[in-house]
Amino acid sequence: MIELKEENIEAVLQEAIDTIRPQSSRLVSITKRVEKVDTLAFYDVANQIRNERLFWTSTAEAYTLVGAGSAIEIIARHNRFETAEQIWNNLLEDAVSNNPYDVPGTGIVAIGGAAFDPEKEKTALWANFEPIRFTVPEYLLTEHEKDYYFTMNIVVREDDHPRQLANQLKREERKLLESLPKYGEDTHIVGRHDISPNKWKQTVKLATNEIQQSHVDKIVLAREVRLKLDKEADSGNVIRKLLSTQPNSFIFSFEQGRDCFIGATPERLVKIRESSLFSTCLAGTAPRGETEEEDARISYHLFHDQKNRGEHDFVVQMMKKAIESYCTDIDIPDEPVVYPLKNLQHLYTPVTARLNEGNSILDIIKNLHPTPALGGTPREESVAFIREHELLDRGWYGAPVGWLDNRDNGEFAVAIRSGLIQGDEASLFAGCGVVKDSDPEEEFEETNIKLTPMLSVLEGEK
């Protein structure tokens, strides 16, 4: 990658074009620090400039990425993580970057995700979502520690005109950074269809029989609820409501054509900052209480419940095994704590480690996904059962979503508590861990609890 320090946009473009190989193209990335920007206003206005938008935030850390348009798409269908990383490395090798800031998520950043199981037959529901897809946005707003950075990414060719391109970038920059938010109206749910609930409960029973008769310990089964809304949902408005109702979550939105995969997940898969690795073991779920006394009682029972503690330990042991060949200085507490959210509470164990030189965040993701919290244990057998018997195509639900940058930083979460919005309809997804003594009715009720965050923001205020 070529690093430039020139501050003039036209001069940067001119140098990149002058040194380009004949009959080829290259990515040019220019980053500048800007005054405070309303991230949701940026997201809203982006829809007027490009029909593809991306949103990612870690609410606990006040860290946000908002993308508009697509400069580069990284798509891989076979050996997807290895292929995506090779495309990414090839892209960076010839790119030109003008980024004087040592801030994660600035400069050349790819934002995207992957399908839960690329071997599962793909349905029309997920037609717009590839087995793995990362987008380098044309325009990227980064909020980091109350500072704001604006990155412009553009692909140039040898016959392009630097001044013309620079003027276009400046015009669209002004529109994105100077506009006020125009939130859409709330939606209301006018129809709900739980997809084959009785058959889903039968599948839970089938899974318990499989576990009792084999060496499989746990199988995670998900289900779909299809909603009809009174109007087309505005994803910016949904994000705004998720931000206000789901603290301590990762809130994401990925638009592909008319479809928008959106959600608020509490589950970090992995974060890398300057070779330091941070991850989360999150498994075992209970509702919040209506009073402090009830909340404390539920929390106590969650912590001491054998089924939930067993599920959680599966995740902890898998996490340790998955990262130990890539990392040193691994630190995992002996016991979890209870982690409260607005609607739910979970068993939680943090993980820290040091990433070995030569390894990347995609190496870790490939080894971690799917976690026992989303697939089961053992992994291969549980995923094979899901592939054969589960009633839905999960698409990107339950899979890694996040970002990586050209300085080896990145962060990915597990896309749960999520839904796929398609105009005035939406599919919501929720799953639960089935073990040998699971009760289908109780598991069905657990999925209802997990649907609450997305149902509440799509229902709106009446």
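## Arg21 and Asp94

In this predicted model, the side chains of Arg21 and Asp94 form a salt bridge, with an N to O distance of 3.4 Å; the term denotes a side-chain nitrogen of Lys or Arg within 4 Å of a carboxyl oxygen of Asp or Glu. Arg21 belongs to the loop between α1 (9–18) and β2 (25–34), and Asp94 to helix α3 (residues 80–94), so the pair ties together parts that are 73 residues apart in sequence. Helices (H or I, at least four residues) and strands (E, at least two) are DSSP runs, numbered from the N terminus.

Asp94 is buried, at 18% relative accessibility. Buried stands for under 20% relative accessible area, exposed for over 50%, and partly exposed for values in between (1.4 Å probe, protein chains only). The structure holds 27 salt bridges.

Lys271 is buried, at 11% relative accessibility, whereas Glu61 is partly exposed, with a relative accessible area of 32%.

Both residues belong to a network of salt bridges that links Glu61, Arg268, Lys271 and Glu411.

## Glu425 and Arg226

The side chains of Glu425 and Arg226 meet in a salt bridge at 2.7 Å, N to O. Glu425 is part of strand β24 (residues 425–434) and Arg226 of strand β12 (residues 218–229), so the pair ties together parts that are 199 residues apart in sequence. Glu425 counts as partly exposed at 29% relative accessibility, while Arg226 counts as buried at 19%.

## Surroundings of Thr57

Thr57 is located in strand β3 (residues 53–58). With a relative accessibility of 3%, Thr57 counts as buried. The side chain of Thr57 reaches the backbone oxygen of Tyr63 at 2.9 Å.

Apart from its neighbours within four places in sequence, Thr57 is in contact (heavy atoms within 4.5 Å) with Tyr63, Thr64, Leu243, Ser249, Phe250 and Ile251.

## Basis of the values

Residues are numbered from 1 along each chain as its sequence is written, and side-chain values use heavy atoms, with hydrogens and water left out. As the model is predicted, local features need pLDDT of at least 70 and side-chain atom pairs count only at pLDDT 80 or more, while totals for chains, interfaces and linings use all residues.

How values were computed:
A polar contact is a pair of N or O atoms within 3.5 Å; within protein, one must be able to donate a hydrogen and the other to accept it, and residues adjacent in sequence count only if both atoms are side-chain atoms.
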